[in-house]
Amino acid sequence: MEVQYSLPYCVAIAIVDGADALLPITTACLRRPDLIDLAAKVRLSVHGDADHLFPSETLARVVIETRKTTLVSDLGGALGDPRMPLLWHGLEAKFRRLTRTTMTVSDQQAWLDAILTLAAGDEKPLFCELANNRQSIPVVQSSC
């Protein structure tokens with residue numbers, strides 16, 4: 001649980017394993033010497049301009065220094081914040097990443113299709129997915 005709240009450790013995971021490894025963080029990321037060593041090199045500091053905007057905006061800048069170069073990101077917020085909402089393709093990609101270890105590709109697609117059908121005004125496919133995948137959710141009747 002503590003790993004999820006350690007920004008240096010999460011940065012190390014993203015650098016070594018890619019950002020998808022954060023969605024969700026698994027036990028495979030725990031107690032890894034490479035991640036522990038890299039996390040120890042991460043330094044956090046407060047950016048004055050960004051700090052004054054908090055809490056209405058939560059901005060960050062990432063600076064990566066290597067022996068050969070320095071990379072600096074723009075000062076910005078996270079996708080999904082109200083000022084930078086995810087569009088459908090971003091939501092779909094995030095859903096697929098988050099469910100990749102618990103759903104088959106066909107199950108993911110069935111849920112996505114059901115949600116799109118709901119957006120078009122037809123709730124039956126979504127209710128059918130809920131009924132077909134329930135574990136302890138009682139359903140009065142299902143005509144799926």
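Author: Axes here are lines fitted to C-alpha atoms, for helices over the stretch in contact, and angles run from 0 to 180 degrees between N-to-C directions. This is a predicted model, in which local features need pLDDT of at least 70 and side-chain atom pairs count only at pLDDT 80 or more, while totals for chains, interfaces and linings use all residues. Residues are numbered from 1 along each chain as its sequence is written, and side-chain values use heavy atoms, leaving out hydrogens and water.

Reader: Why are helix 1 and helix 2 called oblique to each other?

Author: Their axes come within 8 Å and cross at roughly 120 degrees. Angles under 35 degrees count as roughly parallel, over 145 as roughly antiparallel, 65 to 115 as roughly perpendicular and the rest as oblique. The pair is therefore oblique.

Reader: Which residues make the contact between helix 1 and helix 2?

Author: P8, Y9, A12, I13, I15 and V16 in helix 1 meet D34, L35, I36, L38 and A39 in helix 2, where contact means heavy atoms within 4.5 Å. By class, this contact has 10 nonpolar, no polar and 1 charged residues; Asp, Glu, Lys and Arg count as charged, Ala, Val, Leu, Ile, Met, Phe, Trp, Tyr, Cys and Pro as nonpolar, and the others, Gly among them, as polar.

Reader: What makes R31 count as exposed?

Author: Exposed means over 50% relative accessible area, buried under 20%, and partly exposed in between (1.4 Å probe, protein chains only). R31 has 73% relative accessibility, so it counts as exposed. R31 also has a positive phi of about 55 degrees, although it is not a glycine.

Note on methods
Helix = DSSP H or I, 4+ residues; strand = E, 2+ residues; numbered from the N terminus.
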